[in-house]
Amino acid sequence: MIRSKREGKKTRIPFGTVSITPKSKRLIKEILDSGRVSCGKYVREFEKRFAELIGTKEAVALSSGTDADALALAVLYDFGAKRDDEVIVPALSFVATGNAVLQAGFKPVFVDVEKETLNIDPSKIEAAITKRTKAIMPVHLVGKPADMDAINKIAKRHGIFVIEDAAEAYGAEYKGRNVGTLGDMAAFSLYVAHIITTVEGGIIVTNKKEFAEILRSLRSHGRACKCGSCVLNINSGYCKKRFQYGEKNDIRFVFERVGYSSKMNELEAAIGLGNLDKYQEILGKRRQNLGYLMRKFKEFGPYMVTIEEGAEERIGPHAFPVIVQEGAPFSREEITDYLEKSGIDTRTLFSSMPTQCPGFKFLGHRLGDFPNAEYIGNNGFHIGIHQDLGKRHLDYFLDRMGRFLKGRTK
Ligand SMILES: Cc1ncc(COP(=O)(O)O)c(C=O)c1O
């Protein structure tokens, strides 16, 4: 195990970390003292700054990244989608992507991924499109941008929506544009493992005001505000006229659509605002960590590989993925057990949702239907590259990898 610099005690290398800044702590106290804790001015400020950061006109903050995926899809009911219509998603993702499609009332149609990029294979999308397809939801897995030009072209040809699952893609760029600005809407997670966090939370960005208005209604049970100045309920501080219960235009009990209960609260927004202040610093450190590992990792070439950064993209520094290659004289479990015993936290690189997640069995897919996703599901893992880690930690990881390989390949 590595020793901590300050106390010299043995310590693990954790997968994630959370930065709660002095500003967040000050805001939290202020909010608690004021008693105005539910969705209000700090959520609005967080949304405004988040939209500016990504480069969109609108941002709508929610309770989780899974809800961000689900509510973005639920917007499509206002544009002619029907229950049980289809949404195309990659077979490999964190299970939330598939769950969200089902929670929104749609059928997930899975497409295999590319082994090298971990992302949806655009050459297989068109064969999965039917009359009922309403959207493609590509995932930028571990911050690697999906092939958005190809995906958008297919979507345009078939008149369907593109909603990015950008949960893991902070800081990712594609052909000079920020990931999150490449489709009709994009969903980010603000869960504690992500680069910007509110501890629990999610947020949708979009350039379309109409989508944002529907999302504000959806996150609040599908309420509609008839005040003429806004579309939201008085609880969330959005209604300028603040109609009272019982008035002619009372909005509390007008529910225009099947909604969710998914508002962010002020305390979460306070943590997020502190994170936004530190975002460039955090991103810079993570980029440095990712770049260092990507350069050094080449030496493990024939047996273990990671993803590569293309000339026209920038990978968002979410985590460091490793894929054990066919023919390696060891299994993923052997290497991750060794790393865990050495004090390095590891996580598997998700699974093929339709064939390796028992919850999706009812959809009727069979093992072998998504060979690349299943391969990654059996052979992929990732480790943290967060802001509390530095060269010392990464060198320790590389040293352990080297020792393990030496023992297995001599
Ligand atoms: C690809 C992907 N989509 C969706 C989510 C869901 O986010 P949350 O955990 O905030 O619900 C995650 C979570 O990390 C994710 O990795």
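Colleague: How many bridges join strand E8 to strand E11, and which way do the two run?

Modeller: Start with the terms: helices (H or I, at least four residues) and strands (E, at least two) are DSSP runs, numbered from the N terminus. Two strands pair if DSSP finds at least two bridges between them. Here, 3 bridges join E8 (residues 161-165) to E11 (residues 185-189), and the two strands run parallel. If you want a spot to look at, Asp165 stands opposite Ala187 in E11.

Colleague: Before we go on, what kind of model is this?

Modeller: It is a predicted model, where local features need pLDDT of at least 70 and side-chain atom pairs count only at pLDDT 80 or more, while totals for chains, interfaces and linings use all residues. Residues are numbered from 1 along each chain as its sequence is written.

Colleague: What is the strand order in the open sheet of 7 strands?

Modeller: The order is E3-E12-E11-E8-E7-E4-E6, and the pairing is mixed. Strand E3 (58-62) and strand E6 (107-111) are the edge strands, each pairing on one side only. From one strand to the next, the twist averages 25 degrees.

Colleague: Where does helix H2 touch that sheet?

Modeller: For contacts, the rule is that two residues touch if their C-beta atoms, placed from the backbone, lie within 7 Å. H2 packs on the sheet against E3 and strand E12 (202-206), and its direction makes about 130 degrees with that of E3. Helix H3 packs on the sheet too, touching E3, strand E4 (86-90), strand E7 (133-136), E8, E11 and E12, with a direction at about 165 degrees to that of E11.

Colleague: Which strands form the open sheet of 3 strands?

Modeller: Its order is E10-E9-E14, with antiparallel pairing. Strand E10 (177-178) and strand E14 (313-314) each have a single partner strand, so one side of each is left without a neighbour in the sheet. Strand E9 (residues 173-174) is joined to E14 by 2 bridges, and Glu173 stands opposite Arg314 in E14.

Colleague: Now to helix packing. At what angle do H2 and H7 pack?

Modeller: Two packed helices are described by the angle between their axes and the distance between the axes. Axes are lines fitted to C-alpha atoms, for helices over the stretch in contact, and angles run from 0 to 180 degrees between N-to-C directions. Helix H2 (residues 41-54) and helix H7 (residues 266-297) pack at about 30 degrees, with axes 8 Å apart. That makes H2 roughly parallel to H7; angles under 35 degrees count as roughly parallel, over 145 as roughly antiparallel, 65 to 115 as roughly perpendicular and the rest as oblique. The crossing is left-handed, a term for a near helix turned anticlockwise from the far one by less than a right angle, with clockwise being right-handed. Among the H2 residues in this contact are Tyr42, Phe46 and Leu53, and those of H7 include Ala269, Leu276 and Tyr279. By class, the contact has 9 nonpolar, 1 polar and 3 charged residues. In these classes Ala, Val, Leu, Ile, Met, Phe, Trp, Tyr, Cys and Pro count as nonpolar, Asp, Glu, Lys and Arg as charged, and the others, Gly among them, as polar.

Colleague: Is the crossing of H1 and H7 left-handed or right-handed?

Modeller: It is right-handed. The axes of helix H1 (residues 22-34) and H7 come within 8 Å and cross at roughly 160 degrees, which makes H1 roughly antiparallel to H7. Lys23, Ser24, Leu27, Ile28 and Ile31 are the H1 residues in the contact, and their H7 counterparts include Glu266, Leu273 and Asp277.

Colleague: How far apart are the axes of H7 and H11?

Modeller: They are 11 Å apart, and H7 and helix H11 (residues 391-409) pack at about 25 degrees. H7 is therefore roughly parallel to H11, and passes it in a right-handed crossing. Asn289, Tyr292, Leu293 and Lys296 of H7 meet Lys391, Leu394 and Leu398 of H11.

Colleague: Finally, which residues come nearest to the ligand?

Modeller: A residue is near a molecule or strand if its C-beta atom, placed from the backbone, lies within 6 Å of it. Of the 16 residues around the ligand, Gly65, Thr66, Phe94, Ala167 and Ser189 come nearest. H3 (65-74) and helix H4 (96-103) each supply at least two residues of this shell, and H3 gives the most, with 3 residues. The shell divides into 6 nonpolar, 7 polar and 3 charged residues.
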